[in-house]
Amino acid sequence: MISFTVTAVVFGVVFLAELPDKTALAGLVLGTRYRASYVFAGVAAAFAVHVALAVAAGSVLTLLPHQLVQALTGVLFLGGAAVLLMKKDEDETEVRKPENQSFWKVSGAGFMLILVAEFGDLTQIMTANLAARYDDPLSVGIGAVLALWSVAAIGIVGGKALMRRVPLKLITKVAALLMLGLGLWSLWEAIAG
């Protein structure tokens with residue numbers, strides 16, 4: 001039986017915690033470059049895996065080596081920034097053509113980015129703690145996954161809207177700089193932590 005109260009509380013807490021997180025930025029960046037539905041499919045699948053792990057493991061996730069996760073996240077963001085900066089200029093009409101974007105390639109990229117970047121993240125640990133507190137894994141899982149999917153959708157749709165108003169070249173450079181900053185910040189946290 002699902003408790004709508006628990007689901008609503010978990011949704012609110014996780015949504016507010018995830019909204020300013022790097023996931024919204026990752027969704028926005030992917031949303032500017034690829035077909036939104038493909039990006040969402042990969043991101044949504046990764047979040048479903050994270051929530052399932054958090055709910056199943058409970059508070060055990062807080063024991064994972066946070067520094068290793070931060071270092072790996074930093075390297076992935078730096079790699080993403082390098083790819084964006086080294087990419088030759090593309091015609092915006094070519095980027096928008098769906099036939100140039102395979103579902104598996106795009107959704108796989110979204111899945112892997114979120115799977116690694118969010119592993120051991122605050123919202124995953126928070127979800128584990130909420131699952132332990134309420135002893136209602138189904139309600140907690142539904143609330144958490146809906147919150148994470150909502151944040152991802154906001155980021156992806158925001159990316160598509162941004163691309164209609166701002167040149168792709170500028171978006172790519174800004175995204176690369178933001179990813180570079182996030183990568184360096186994650187590496188700093190791994191070293192300092």
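Phe111 touches Gly42, Val43, Ala45, Ala46 and Val49, leaving out residues up to four places away in sequence. Keep in mind as you explore that this is a predicted model.

- You can find Phe111 in helix H6, which covers residues 103–117.
- Along the sequence, Phe111 and Ala46 are 65 residues apart, yet in space their C-alpha atoms are 5.0 Å apart.
- Phe111 has a relative accessible area of 23%, so it counts as partly exposed.

**His50**

- Look for His50 in helix H3, residues 36–57.
- With a relative accessible area of 3%, His50 is buried, because buried means under 20%.
- Setting aside neighbours within four places in sequence, His50 is in contact with Ile114, Leu115, Glu118, Phe119 and Gln124.
- One of these residues, Leu115, has its backbone oxygen 2.9 Å from a polar atom of the His50 side chain.

**Aromatic pairs**

- How many aromatic pairs does the structure hold? There are 4 aromatic pairs.
- One of them is Phe11 with Phe15, a stacked pair with 5.6 Å from centre to centre and 15 degrees between the planes.
- Both Phe11 and Phe15 sit in helix H1 (residues 4–18), 4 residues apart, which is about one turn of the helix.
- Phe11 is partly exposed at 29% relative accessible area, whereas Phe15 is buried at 18%.
- Tyr38 and Phe103 make an edge-to-face pair, with centres 5.2 Å apart and 85 degrees between the planes.
- Because Tyr38 belongs to helix H3 and Phe103 to helix H6, this pair ties together parts that are 65 residues apart in sequence.
- Is Tyr38 buried or exposed? Its relative accessible area is 17%, so Tyr38 is buried.
- Phe103, for its part, is partly exposed, with a relative accessible area of 31%.
- Trp104 joins the picture too: ring pairs link Tyr38, Phe103 and Trp104 into a cluster.

**A nonpolar patch on the surface**

- Which residues form a nonpolar patch on the surface? They are Ile2, Phe4 and Leu138, and together they have about 320 Å² of accessible area.
- Leu138 is part of helix H8, which covers residues 137–165.
- Leu138 counts as partly exposed, because its relative accessibility is 47%.

Methods: Residues numbered from 1 in each chain as written. Predicted model: local features only at pLDDT ≥ 70, side-chain atom pairs only at ≥ 80, totals over all residues. Heavy atoms only, no water. Helix = DSSP H or I, 4+ residues; strand = E, 2+ residues; numbered from the N terminus. Buried < 20%, exposed > 50% of the residue type's maximum accessible area, 1.4 Å probe, protein only. Contact = heavy atoms within 4.5 Å. Patch = residues over 30% accessible without salt bridge, like charges linked within 9 Å, V, L, I, M, F, W, Y side chains within 5 Å. Areas by Shrake-Rupley, 256 points an atom, 1.4 Å probe, with all protein chains shown as cover. Salt bridge = Lys/Arg side-chain N within 4 Å of Asp/Glu carboxyl O. Polar contact = N/O pair within 3.5 Å; in protein donor to acceptor, adjacent residues only side chain to side chain. Phe/Tyr/Trp six-rings, centres within 6.5 Å; stacked < 30°, edge-to-face > 60°.
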